[in-house]
Amino acid sequence: MGHTSLEKIIALQKKTPHIRNLCILAHVDHGKTTLADCLVASNGIISSRLAGKVSGPTENYQLLANNSLKMFSFIIFFYYCIHQFAEMYSQKMGIRSSVLLKTLWGDFYLNAKAKKIMKGAQSKGKKPLFVQLVLDNIWSMYDAVVTRRDKEKVEKMVTSLGLKVMSRDLRHSDPKVLLSAICSQWLPVSQAVLSMVCEKLPSPAEISAERVEKLMSVGARRFDSLPEQTQELKKAFLDCSADETAPVIVFVSKMFAVDSKALPQNKQRPLTQEEIAQRREQARQRHAERQAANQSAESPGSADTGGMEVTGDQQLLEALSVKTAVEEDNKEHFVAFARVYSGVLRKGQKVFVLGPKYDPSLALRALPEGCSAADVLPSVPHMACCTVDSLYLLMGRELEELDEVPTGNVLGIGGMEEFILKSATISTSPSCPPFTPLNFEATPIVRVAVEPKHPSEMPKLVRGMRLLNQADPCAEVLIQETGEHVLVTAGEVHLQRCLDDLRERFAKIEISASKPIIPFRETVIRPPKVDMVNEDMGKQQKVAVIHQVKEEQTKYPEGVQVDSTGLVTLTTPNKMATVGVRAIPLPEEVTRLLEDNVELIRTMEQFSLFAWEDKTLDINQKILENIQEFKVKLESNLQGRKWRGAVERIWAFGPRRCGPNILLNSVEGYRRPSVWQCLEREKETEKAEIRDFDNSIASGFQLATLSGPMCEEPLMGVCFSVETWDMKLSAPLAQQDSIDEDSQTAEPNIDNQNESSDTHETNASSASSNRSRSGAEATGSSVDCYGPFSGQLIAAMKEACRYAFQAKPQRLMAAMYTCEIMATAEVLGRVYAVLSKREGRVLQEEMKEGTDMFIIKAVLPVAESFGFADEIRKRTSGLASPQLVFSHWEVISSDPFWVPTTEEEYLHFGEKADSSNQALKYMNAVRRRKGLYVEEKIVEHAEKQRTLSKNK
């Protein structure tokens, strides 16, 4: 197939029923680029000989040599071959092609004597028709070319098939080159894929009503809860019309960066004769001026000196203009990758750009009816008006400029980088809802701190990271509270790709990246019943543990009391308040439930915030049903005497008011507003009153869960129960607080030292303090809940939570990858060796049907995953390839603070007991990175140098 002209493609774009949008999805190194190259090469955009050369073989059929066909190649190949071989054999055998199409794939065989196709090949021990007519022919071709290298037979086959193979391919020493040349003409992948795509994939006009409703319903919102004008747009989706009256609806799925030189308007075009003559004249004039300047420089005189200075200024201006032009050429431009779902998008058209959080119901209330993007409109959250700068047809790596793009087509839109960060919806109607954003299975988990090698280039790094954040939908860029610029990626390979892009494309400077920062979580567990050598804890060990607790009790500062049950009582420095807090481990199911319902918890928190400010927040019925279901699941998982009525007594979630930890109100006689207010607004409930400084308790809890005592990592799966809260406030103190407020700032600056926070957000105490102020104003309280005493109570609550956490058995939680490995039986032992060395655990092993490949499913700590893929490939000589996807958080069983107490433990672990304590190594590494105190012996024996051999 030759190169298709742009005019023909523009004409084809208007035929919506003939359009097919195709996505190629596969694992790494499984032939995506090769398949895409073959499709592009069939249209003459690239050379067919270069297709797939960079990343893989030219044709997927070469995999026959390894007796393993990829699944997608297998299906595509045989689907097309049935048609081709049916046509071929219908002429030779005199059987209708329609009959062959039905019988080539199935339990049929050819009766050579009767020349009839019969059923029951398997029961009669006959070769199936498919094997006889298709596979045998392919195998004979492979055998002649690769195995026997029979040139005469190959030439005969090529002649009979009517193929044209170049003489250099026939003479090539590698038989696979010849096999590729024959197969690419005889059984081309592009024709197989395109024929299947045309017959099996639906056109944009065949979109289903169910899919439209799913696209239009963001998050938990139902279609019937959308405004009436929004629901009417469903017809525009289904009609897929390109009429003038049809509203324009476009979804931008991602932004990708291109060089300025790649844009069509910046490409060099051939000059006309007039332009060549004009440039020649300009060059002649510049040459004459330069000669005159040189002559004036050689002649003496004061006037000449002035001429020299002018010439120098001109050279400086020319150099600056050249530098600016070069920088402009090297600048990265962003093109929005989009698809038109309705109407015709035109160059220069005024449109609305709708962000992922845009709410059409709010916009319709604020905007006048029948407005357009060209009108002067009031500001609406997450909505912007812009003009379409340029439209592009994506032709492989090339961009062709277009004036308009009708419905159903995929396109590129230029000039949108100021309005779109990663994804958005473009429409001419403000009632259009934002599309459901793309969900990526890969969760960003690996982070590095990035800085320029030369501090003066920091602005370039900031700009480069902003561009990277916009270009890569899976990467996250944030600034820590410490001022570090952090890059968060999905894994080791993704991290390396992002760093390379930052160096070579976006920042274009030398950068230094820290070692990967692995996040951990801190939690508490129930007291273990067995010791470190898996023996039941005897009386001797329990007594030793009690003594250890008593010794630790003496270390607590003044004002802190810890009883034997783990209840921590702490008094503020001014002796005006006392809080009693107990830490309780949450069941694993509850922790998982809290993680899975973050958005619902955020909605509940937002409703409570509006309630504090005497405002109302409309929540649709579907979300309310989800919240009710979430509450029921919590109640079913929190069973037992200690959890009785706990769900109704939830004070807050944390950290950031939506995390997997719970603050429980167990204060006797204190009934505060429930976090489930959104479910109770229709019920007649008595008004609950909020005690003064309620927000200080919640803020202390938020800070405590944001950075735990082990290594300042966030907590997970911990419930803090506030059991006592006594206040001794006097009128002078309240008056003093209000006086001090005038001399202090309006909000306390509560620093957050947690370096591994997932996002850079506003401090939790700020939101709660705003609530406190509005609540105090509403109730007319005389006590100022926002003075110096508030800060003391926040700090006291935070410390009480930390001491309560330390009073329980503490554990680290590690981020875990799910690891799927495909390997042959010969290298299975080496795979297991690499997994066990890196603290991995095999979950499942099964053999892939019809092959000699094993599929191993395992879990692997993220902290041990760096270099894992390279090591496993080296150890197995490339016969095993792992795929890592973030899965969950898992408790590390070993206690990082454990010391041996029994004879068996001393015998097994030694006196120091630090040889196999993986949790201690992780904890110390994190503390060392954050600059925290690490308890370790730097000098083991100070008297004289000793070696391990002498100690034996």
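Tutor: Let's begin with how helix packing is described. Axes are lines fitted to C-alpha atoms, for helices over the stretch in contact, and angles run from 0 to 180 degrees between N-to-C directions. Helices themselves are DSSP runs (H or I, at least four residues), as are strands (E, at least two), and both are numbered from the N terminus. In this model, helix α2 (residues 32-41) packs on helix α9 (residues 189-200) at about 90 degrees, and their axes are 8 Å apart.

Student: Before we go on, what kind of model is this?
Tutor: It's a predicted model: local features need pLDDT of at least 70, side-chain atom pairs count only at pLDDT 80 or more, and totals for chains, interfaces and linings use all residues. Residues are numbered from 1 along each chain as its sequence is written, and side-chain values use heavy atoms, with hydrogens and water left out.

Student: Back to the helices, then. What word describes how α2 lies to α9?
Tutor: Angles under 35 degrees count as roughly parallel, over 145 as roughly antiparallel, 65 to 115 as roughly perpendicular and the rest as oblique. So α2 is roughly perpendicular to α9. Leu35, Cys38 and Leu39 of α2 make the contact with Val189, Ser190, Val193 and Leu194 of α9, where contact means heavy atoms within 4.5 Å.

Student: Which way does α5 pass α6?
Tutor: A crossing is left-handed if the near helix is turned anticlockwise from the far one by less than a right angle, and right-handed if clockwise. Helix α5 (residues 129-147) passes α6 (residues 151-161) in a left-handed crossing. Their angle is about 140 degrees, with the axes 9 Å apart, and therefore the two are oblique to each other. By contrast, α10 passes α11 in a right-handed crossing.

Student: What do α10 and α11 look like together, in angle and distance?
Tutor: Their axes come within 10 Å and cross at roughly 130 degrees, which makes α10 oblique to α11. Ala209, Val212, Glu213 and Met216 in α10 meet Thr230, Leu233, Lys234, Phe237 and Leu238 in α11.

Student: Let's zoom out. How many helices and strands does the chain have?
Tutor: There are 30 helices and 27 strands. Of the 952 residues, 43% count as buried, meaning under 20% relative accessible area, with exposed over 50% and partly exposed in between (1.4 Å probe, protein chains only).

Student: Which residues have the most contacts inside the largest nonpolar core?
Tutor: A nonpolar core is a set of buried Ala, Val, Leu, Ile, Met, Phe, Trp, Tyr and Cys residues joined through side-chain atoms within 4.5 Å. The largest one here has 99 residues, and Ile413, Met416 and Phe720 have the most contacts inside it. Helix α25 (residues 788-806) gives the most to this core, with 9 residues. Leaving out residues up to four places away in sequence, Ile413 touches several others, among them Val250, Phe334 and Leu345.

Student: And the backbone?
Tutor: Most residues other than glycine have a negative phi, and most peptide bonds are trans. Here, a cis peptide bond joins Gly654 and Pro655, with omega about 0 degrees. Pro655 lies in the loop between β21 and β22. His382 has a positive phi, near 65 degrees, and Glu712 has one of about 60 degrees.

Student: Is Glu712 buried or exposed?
Tutor: Glu712 is buried, with a relative accessible area of 14%, while His382 counts as partly exposed at 44%.
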